[in-house]
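Please read each point alongside the coordinates.

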Amino acid sequence: MNAPTAHLDQLQIPADFQSCFERQRAAYHAHPEPTYAERKRDLQQLARMLKENREDLVAAINRDYGNRSEFETLFAEFFVVLETIKDSIKDLKGWMRPQRRKIDMMVHPLATNRVIPQPLGVVGVIVPWNFPLNLTFCPLASIFAAGNRAMVKMSENSQHLAELLIRISPNYFPEDKLKFFEDGNGRGPAFSSIPFDHLLFTGSGATGRAVMANAARNLTPVTLELGGKSPAIVGPDYSVKTAAERILWVKLFNAGQICTTIDYVFIPEAAVEEFVGHCKRLFAERYPDINGPDFTSIIDQRSYERLTNTLEDARAKGARLVNLAGDQKPDPALRKFAPHIVLNPTPDMLLSQREIFGPIMPVRTYRDAREVADYINRRDRPLAIYPYTNDKALAQFYITHVMSGGVSVNEALLHVAQHDLPFGGVGPSGMGHYHSREGFNTFSKLRPVFYQGPVSAIQMLFQPPYTGRAMKLLNLLIKLKT
């Protein structure tokens, strides 16, 4: 039994985790480097699994949410994943090709250097509940493109989807290639304690710290996609009407339950009332029935109560609350939460201290760009920033002076949907990247290989004793390099 398996026993990993890991590790050793054709077939099978089970998958996610907009599921999950898979297949040959690297022909005549991307082995994926298909299948596209095998643990809030994926996955992949697991009974820490060859986690910063600590026991490398309070900044030159249209669409998509959504907004003081007015009008136009199918429910009662408490905390501490739903009465049984703008937020409010993850939007005023940059930089680095301005110099100021995981200019969220851009956080908002080539590289070992030529200058010229010819040649080389 190899070392990783012995360590599994020591940590008392559940039997189903352990047996799957052992089968996948054995399958990897038996066939460590799938061909281009095999990887392409795996990617095509991922797409087939989605397309052939579309209605059941949408229904399962809807049941997990209570009410999840079908459009949002199809747009943000199906469409994005299928596009990701298609692009991965198109670019796969180029990603797999060994890279030529320079060599010093004076020291190593006729030798060559290459960087060869090779599969890591068995990759673990821990999936959150908010975009459970996107955040399962987009990573799997990168993992399979890189030639790996995968074990995927779903969220406890995705019970119906997990049961469906567990049932249908064997129709498309053997378990030594891909296996899904449901959560529950404290299985999360055990999963992150498996000595995977790489572990991808998407979720909260608090849980991410625990995942990283568990993985560190095995020196398992991790990619952490966490959250963060991502701000939008409306420049003084930008149309307030256009800003409201774009910001509100993002903020209310999935009822604000997105790690890269707009957490709060900076607006010039003179434009606040106009912005609020546009948002009230837009909500009435876009969601004439808050209890209808287009406005997504809050995922569970605990999250619903957290948002209620966050709003009441702001009210008690002097904030002005603007209910965008107006006279509409959201049904608490459906966990429909009326979206609110919060004016005059203060640092002691809960909404200023933690990621909101719901349809509550604090609005802050500012006088100049430096004030905005200083405010953001005094806090944890966000997962994204969203400057709205037609002034290229001002947009560049924010890109230069505020570090974040990613940026969308004059829009929010959509940088994540660009399949040739890497996605990832920085500092407290995450580490590592995936999507596109960066995803392929994350789940590959970019292995450096030196091929010696027919003659070895090192062996011929640099043998001891070093006091004679070897030292003279070395000094000559040093002189030529300076």
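1. Helix H5 (residues 70–96) contributes three residues, the largest share, to a nonpolar surface patch. The members of the patch are Phe71, Phe75, Phe79 and Trp249, with about 400 Å² of accessible area together. Phenylalanine 75 is placed in helix H5. Patches take residues with over 30% relative accessible area and no salt bridge, joining like charges within 9 Å and nonpolar side chains (Val, Leu, Ile, Met, Phe, Trp, Tyr) within 5 Å. Accessible areas come from the Shrake-Rupley method with a 1.4 Å probe, and for residues only the protein chains shown count as cover. Helices (H or I, at least four residues) and strands (E, at least two) are DSSP runs, numbered from the N terminus.

2. The model is predicted: local features need pLDDT of at least 70, side-chain atom pairs count only at pLDDT 80 or more, and totals for chains, interfaces and linings use all residues. Residues are numbered from 1 along each chain as its sequence is written, and side-chain values use heavy atoms, leaving out hydrogens and water.

3. The structure holds 18 salt bridges, each a side-chain nitrogen of Lys or Arg within 4 Å of a carboxyl oxygen of Asp or Glu. In one of them, arginine 149 pairs with aspartate 176, and the closest N and O atoms are 3.7 Å apart. This pair links distant parts of the chain, 27 residues apart: arginine 149 lies in strand S4 (residues 149–153), and aspartate 176 in the loop between H7 and strand S5 (178–181).

4. Most residues other than glycine have a negative phi, and most peptide bonds are trans. Asparagine 254, however, has a positive phi, near 60 degrees; this residue is found in the loop between helix H10 (240–252) and strand S9 (264–268). Proline 464 and proline 465 are joined by a cis peptide bond, with omega about 5 degrees. Proline 465 belongs to the loop between helix H17 (457–461) and helix H18 (469–481).
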